[in-house]
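Please keep the sequence and the structure in view while reading.

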Amino acid sequence: MLQVVRRAVGVVCLAVLAAGASGGCATPPTGPPPLAPMVTTTPKPIEAGLVHFTAAGDYSSSTEARNVLAGIASARPNLHFALGDFSYDREGTESEWCDLVTSYVGADFPFQLIAGNHESDGQNGHIDAFAKCLPNRLPGLSGEYGRQYYVDVPADDPLVRFIMISPGLRFDDGDWNYDRGTKRYQWTESAIDEARAAEIPWTVVGMHKPCLTIGRYSCDPGEDVLNLLLSERVDLVLNGHEHLYQRTKQLAISRTCRAVSWSQADNACIADSDATLEHGDGTVIVTIGTGGNDLRDVMPTKEKAPYFAAWSGLNASPTFGFLDVAVSESRITAKFIRAGAGEFVDEFVIEANSGG
């Protein structure tokens with residue numbers, strides 16, 4: 001069985017913090033100089049029966065961000081999902097950050113974007129400009145690239161539908177609402193249901209802001225969209241926004257768990273607690289806000305903590321990196337890959353059930 005590994009440095013650090021002491025726990029990893037760009041001029045083709053993708057959010061142009069980009073290039077995935085908050089720079093400099101990205105992964109690599117709050121309405125660059133210099137590279141995309149879309153991979157005989165949404169963000173046309181009954185809630189529900197009707201084996205949803213978190217934020221996306229994804233038993237949900245890593249246990253809506261609240265954990269909503277999970281039993285939510293911007297504290301004493309199986313932050317084994325995921329018809333295998341300094345690791349697998 002795959003197991004979550006928490007290195008001794010993180011355990012000791014949490015113990016020190018719990019005792020009210022101070023010390024070196026709040027020092028982020030400085031790490032080595034960034035690795036040299038490793039340009040992949042031709043995107044790696046999708047092998048028969050296997051989709052390999054990576055994901056992370058919250059980058060900047062820091063040494064740590066460059067290490068993450070170099071790590072993605074070294075992993076040679078078929079595609080990458082950037083989960084919002086890209087350059088943290090001023091509007092008009094978007095192409096400079098895009099050039100940084102492509103210097104590592106190549107100009108034709110599918111570095112797929114979904115907006116974060118720092119670029120949705122132009123606060124630190126604008127999503128439209130980022131989408132122009134890092135355009136969609138996947139065939140068959142439906143929706144608004146960078147804002148709300150889905151795409152089946154591979155396009156012929158797909159293994160996975162990726163659905164990217166933007167609850168809790170403000171765009172030029174106002175706040176995007178995914179509450180029950182809204183057009184964006186209905187769009188999301190239809191995208192999931194249509195994937196099931198097409199017998200696509202796996203469904204992965206990405207959005208910048210998490211609802212469940214043991215970081216600093218509350219549930220900006222709203223509980224309605226969270227409970228939609230759980231009731232639909234989406235296999236995997238990917239977030240950024242919190243500058244840390246956190247993975248939930250497998251959660252599910254059921255007869256004993258009618259809805260999940262963002263503020264309080266309910267053990268009845270936990271379908272499985274270990275790192276070997278079964279497809280269809282529930283949903284795993286992973287936040288990977290470790291793409292290069294300054295890390296923040298994780299707060300495992302929060303009321304939601306029983307929902308979480310693994311975490312890393314400024315005060316708990318601080319480590320920059322990305323999620324590396326392999327999808328086959330029989331399983332999803334995911335692991336956190338560190339980039340630069342840091343000791344944190346996490347792995348989990350979702351197995352297709354024997355009933356098909």
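Two strands are said to pair if DSSP finds at least two bridges between them. In this predicted model, strand β5 (residues 148–153) and strand β6 (residues 160–164) are joined by five bridges and run antiparallel. Within this pair, Tyr-150 stands opposite Ile-163 in β6. In general, the strands of a sheet pair through backbone hydrogen bonds, in either a parallel or an antiparallel manner.

Strands β5 and β6 belong to an open sheet of eight strands, whose order is β4-β5-β6-β9-β10-β15-β11-β16 and whose pairing is mixed. At the edges of the sheet are β4 (142–144) and β16 (308–312), each of which pairs on one side only. On average, neighbouring strands of this sheet are turned by 15 degrees against each other, direction ignored. Helix α5 (residues 183–197) packs on the sheet, where it touches β4, β5, β6 and β9 (202–206). The direction of helix α5 makes about 175 degrees with that of β6.

Opposite Glu-347 in β19 stands Lys-335.

Nonpolar side chains tend to be buried together in soluble globular proteins. The largest nonpolar core of the model has 100 residues, and those with the most contacts inside it are Phe-111, Phe-162, Leu-238 and Ile-288. Helix α3 (residues 94–105) gives the most to this core, contributing six residues. Which residues does Phe-111 contact, leaving aside its neighbours within four places in sequence? They are Tyr-59, Leu-69, His-80, Ala-82, Trp-97, Val-101, Val-105, Leu-134 and Tyr-145.

Phe-111 also has a place among the aromatic rings. Ring pairs link Phe-111 with Tyr-59, Phe-86, Trp-97 and Phe-130 into a cluster. A pair of aromatic rings is described by the distance of the centres and the angle of the planes. The structure holds 15 aromatic pairs. One of them is formed by Phe-86 and Phe-130, which are edge-to-face, with 5.2 Å from centre to centre and 75 degrees between the planes. Phe-86 lies in the loop between β2 (79–82) and α3, whereas Phe-130 lies in helix α4 (residues 127–133), so the pair ties together parts that are 44 residues apart in sequence. Phe-130 counts as buried because its relative accessibility is 0%, and Phe-86, also at 0% relative accessibility, counts as buried too.

Phe-130 has a second ring partner in Trp-97: the centres of these rings are 5.9 Å apart and their planes stand at 90 degrees, so the pair is edge-to-face. Since Trp-97 lies in helix α3 and Phe-130 in helix α4, this pair ties together parts that are 33 residues apart in sequence. Trp-97 has 3% relative accessibility and therefore counts as buried, the cut-off being under 20%.

One further ring remains to be noted. The charged end of Arg-184 sits over the ring of Trp-176, 3.8 Å from its centre.

Terms used: Residues are numbered from 1 along each chain as its sequence is written. This is a predicted model: local features need pLDDT of at least 70, side-chain atom pairs count only at pLDDT 80 or more; totals for chains, interfaces and linings use all residues. Side-chain values use heavy atoms; hydrogens and water are left out. A nonpolar core is a set of buried Ala, Val, Leu, Ile, Met, Phe, Trp, Tyr and Cys residues joined through side-chain atoms within 4.5 Å. Buried means under 20% relative accessible area, exposed over 50%, partly exposed in between (1.4 Å probe, protein chains only). Helices (H or I, at least four residues) and strands (E, at least two) are DSSP runs, numbered from the N terminus. Contact means heavy atoms within 4.5 Å. Rings of Phe, Tyr and Trp (its six-membered ring) pair if their centres lie within 6.5 Å; planes under 30 degrees apart count as stacked, over 60 as edge-to-face and the rest as tilted. A charge sits over a ring if NZ of Lys or CZ of Arg is within 6 Å of the ring centre and within 35 degrees of the ring normal. Axes are lines fitted to C-alpha atoms, for helices over the stretch in contact, and angles run from 0 to 180 degrees between N-to-C directions.
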